[in-house]
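Dear colleague,

Please find the structure below, together with its sequence. My notes on what was found in it follow.

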Amino acid sequence: MRKEIVLLIIGMSIVSLLPRMFPIGTLSRFEFPERVKEWLSYIPAAVLGSLLAMSVLVRNKTIDFSLQNHYVLAFIPTFAVAVFTRNLFYTLATGIGCMAVINHLL
Amino acid sequence: MDKRKELLTGIKDAVPIVLGYFPLGFAFGVLANSDAGMSVGEATLMSVMCFTGAGQYIAVGLLKEGAAAITIILANLLVNLRYFLFATSLVPFLKTVPTRIATLLSYGLTDETYAVSVAHYARFPATSYYLAGLNLTSHVGWIASSALGACMGQLVADTGRYGLDFALPAMYAVLLVMVVKRKQDAVVAAVTAAVCLLIAYLVPATMNNLSNVIVATLLGATLGVTLKK
């Protein structure tokens with residue numbers, strides 16, 4: 001292994017891991033006020049809403065709402081299964097299956 | 001607490017994540033090897049020590065262009081800042097886990113393990129064993145898929161053909177459904193998604209480091225607090 005690549009990896013490792021480990025390591029001793037807890041309770045829905053929108057609608061760094069975007073097509077049945085079953089396995093199977101069929105046919 | 005059951009539940013919950021990581025990690029390995037000229041060992045070490053999909057793709061792209069190490073590290077800092085927010089929001093759940101163990105295991109905190117674990121903690125208390133099963137299995141999946149990709153760097157395979165590229169969006173969809181417990185959660189999710197896309201549209205550069213996700217999330221959670229119960 002080249003020394004400069006190993007040093008780069010160490011640098012990347014520090015900036016990747018600090019933001020994840022620091023809050024858990026330091027803040028766990030504190031009890032957050034109710035208002036802050038309430039604010040934090042909205043983070044999961046907000047993050048997942050954003051990540052879902054980005055992962056379905058952004059193709060090659062541009063936003064594509066149209067049905068030409070295969071991800072939009074596959075998303076419709078996948079989301080329906082997610083809402084009705086609330087089951088990870090069925091949703092993944094539907095998503096991957098639909099995507100395979102769409103990629104094959106279109 | 002049944003330790004074995006907790007560990008197995010964590011591992012089981014990691015299976016869809018590993019499935020989703022496979023094409024991403026594999027493609028990272030291929031690109032690291034064939035585009036950025038990294039050896040199998042170097043590409044694998046990066047996946048072991050960094051575990052940041054977006055950051056590692058940035059590294060490969062910038063290495064290919066011959067960028068300085070400091071540029072790559074700064075880009076990685078930006079792309080990883082969102083984890084500060086994720087980790088902070090996990091703190092109230094992790095009270096049931098010894099701080100030192102929770103800190104060590106948050107090495108494996110990613111968008112996907114975060115999403116799965118918050119959906120789990122909405123129904124069950126957090127335990128070290130569950131967290132270990134979930135995070136370590138996901139990390140091992142990431143390392144294995146990137147190592148495999150790096151080994152096969154020269155024979156580029158089209159993973160999209162099998163629909164695996166839709167594993168992560170499908171996972172986000174069902175996890176979102178699971179964390180939406182109140183009407184306000186649905187409102188927050190929809191508004192945040194719209195704001196996130198709007199920022200991406202207005203400032204496309206934010207998509208490179210997902211800073212649009214951070215800004216939209218901060219606004220979305222603040223909106224949530226102001227909503228009437």
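This is a predicted model: local features need pLDDT of at least 70, side-chain atom pairs count only at pLDDT 80 or more; totals for chains, interfaces and linings use all residues.

Across the interface of chain A and chain B, the rule finds one salt bridge. Over all chains, the count by this rule comes to six salt bridges. Polar contacts were also counted: the interface of chain A and chain B has 13 residue pairs of this kind, both residues being at pLDDT 80 or more.

Which elements of chain A give two or more residues to the side that touches chain B? They are the helices H1 (3-27), H2 (34-41), H3 (43-57), H4 (70-85) and H5 (88-105) of chain A. H1(A) provides the largest share of that side, with 19 residues. Sorted by class, the residues on the side of chain A that touches chain B comprise 46 nonpolar, 14 polar and seven charged.

The extent of the interface may be described in two ways. In terms of residues, 67 of chain A are in contact with 91 of chain B. In terms of area, the two chains bury about 7,000 Å² between them, and 77% of this lies on carbon and sulfur atoms. Three residues, Arg20(A), Ile24(A) and Tyr42(A), supply 11% of the area that chain A buries against chain B, which is more than any other three residues.

H1(A) packs with helix H3 of chain B (residues 53-64) at an angle of about 145°, and the axes are 12 Å apart. The crossing of these two helices, H1(A) and H3(B), is right-handed. On the H1(A) side, the contact is made by Ile5(A), Leu8(A) and Met12(A). On the H3(B) side, Gly55(B), Gln56(B), Ala59(B) and Leu63(B) take part. By class, this contact of H1(A) with H3(B) has five nonpolar residues, two polar ones and no charged ones.

Finally, helix H3 of chain B also holds Ile58(B). Which residues does Ile58(B) touch, not counting those up to four places away in sequence? They are Ala75(B), Val79(B) and Asn208(B). Ile58(B) and Asn208(B) are 150 residues apart in sequence, but their C-alpha atoms are 8.4 Å apart in space.

Yours sincerely

Methods:
Residues are numbered from 1 along each chain as its sequence is written. Chains are lettered from A and ligands numbered from 1 in the order in which they are written. Side-chain values use heavy atoms; hydrogens and water are left out. Contact means heavy atoms within 4.5 Å. Buried area is the accessible area (1.4 Å probe) that two parts lose on being put together, summed over both. A salt bridge is a side-chain nitrogen of Lys or Arg within 4 Å of a carboxyl oxygen of Asp or Glu. A polar contact is a pair of N or O atoms within 3.5 Å; within protein, one must be able to donate a hydrogen and the other to accept it, and residues adjacent in sequence count only if both atoms are side-chain atoms. Helices (H or I, at least four residues) and strands (E, at least two) are DSSP runs, numbered from the N terminus. Ala, Val, Leu, Ile, Met, Phe, Trp, Tyr, Cys and Pro count as nonpolar, Asp, Glu, Lys and Arg as charged, and the others, Gly among them, as polar. Axes are lines fitted to C-alpha atoms, for helices over the stretch in contact, and angles run from 0 to 180 degrees between N-to-C directions. A crossing is left-handed if the near helix is turned anticlockwise from the far one by less than a right angle, and right-handed if clockwise.
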